[in-house]
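These notebook entries record what I looked up in one structure.

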Amino acid sequence: MRKPVPYIAALKIWLAGVLLGPLLLGLGMIINELYTRGSSTIIPDGSVFMLYLLMILYGGFFSLPSALALWLVIALQYRFNQSENVFWPTILSATFLLTTAPFFIILRDLDDFGFVAAYLGAIWLGVFWTFYRLKTFPEHEPDEPLDANL
């Protein structure tokens, strides 16, 4: 697990949610339209770019409180040196709550979970992009001398 600076980690996750969320939402709407109706009437045209920019603008503005709360959560986790077994469930549940709560407040119900799922998927991609690191074998560690295990 990588441990970037808390504000950098929160910024990366926030940017992933703001930039990838509308893309995942649009792809989900296109796939849903093709699956349910079998038609391509929702295939994007030229005005989609402006809609995407508006979604980024509004999403970025309205998600700033959630980004600041996420920064606090990450800083507290670093402060208390949580192990990976505690860190991952905490960060995933915090991002789940910080994503679903604003949608519940705005939409008043979560009957159409597609909006939340698109943004939650984007934010969880941001979490794994920020913190996840593949485990390396000891012989691939650059700081270890070649004869350390002899």
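**Entry 1: Ala-67**

I located Ala-67 in helix H3; helices are DSSP runs of H or I with at least four residues, numbered from the N terminus. The model is predicted, so I noted that local features need pLDDT of at least 70 and side-chain atom pairs pLDDT 80 or more, whereas totals for chains, interfaces and linings use all residues. Residues are numbered from 1 along each chain as its sequence is written, and side-chain values use heavy atoms, with hydrogens and water left out.

Is Ala-67 buried or exposed? I found a relative accessibility of 12%, so Ala-67 counts as buried (buried is under 20% relative accessible area, exposed over 50%, partly exposed in between, with a 1.4 Å probe and protein chains only). Leaving aside neighbours within four places in sequence, I listed Ala-10 and Trp-14 as contacts of Ala-67, contact meaning heavy atoms within 4.5 Å. I also took the C-alpha separation of Ala-67 and Gly-17, which is 10.0 Å for residues 50 apart along the chain.

**Entry 2: H3 and H4**

I examined helix H3 (residues 64–79) against helix H4 (residues 84–107): their axes come within 10 Å and cross at roughly 165 degrees. That makes H3 roughly antiparallel to H4, the term for angles over 145 degrees. The axes are lines fitted to C-alpha atoms over the stretch in contact, and angles run from 0 to 180 degrees between N-to-C directions.

Which residues of H3 and H4 meet? On the H3 side I recorded, among them, Ala-69, Leu-70 and Val-73, and on the H4 side residues including Phe-87, Ile-91 and Leu-98.

**Entry 3: Aromatic pairs**

My search of the whole structure returned 9 aromatic pairs (Phe, Tyr and Trp rings, the six-membered one for Trp, with centres within 6.5 Å; planes under 30 degrees apart are stacked, over 60 edge-to-face, the rest tilted). I found the ring centres of Tyr-7 and Trp-71 to be 6.2 Å apart with planes at 65 degrees, so this pair is edge-to-face. Tyr-7 lies in helix H1 (residues 6–37) and Trp-71 in helix H3, so the pair ties together parts 64 residues apart in sequence. Tyr-7 is partly exposed at 48% relative accessible area, as is Trp-71 at 38%.

I then recorded Phe-103 and Tyr-119 as a tilted pair, 5.5 Å centre to centre with 40 degrees between the planes. Both Phe-103 and Tyr-119 are buried.

Conventions
Helix = DSSP H or I, 4+ residues; strand = E, 2+ residues; numbered from the N terminus. Parallel < 35°, antiparallel > 145°, perpendicular 65-115°, else oblique.
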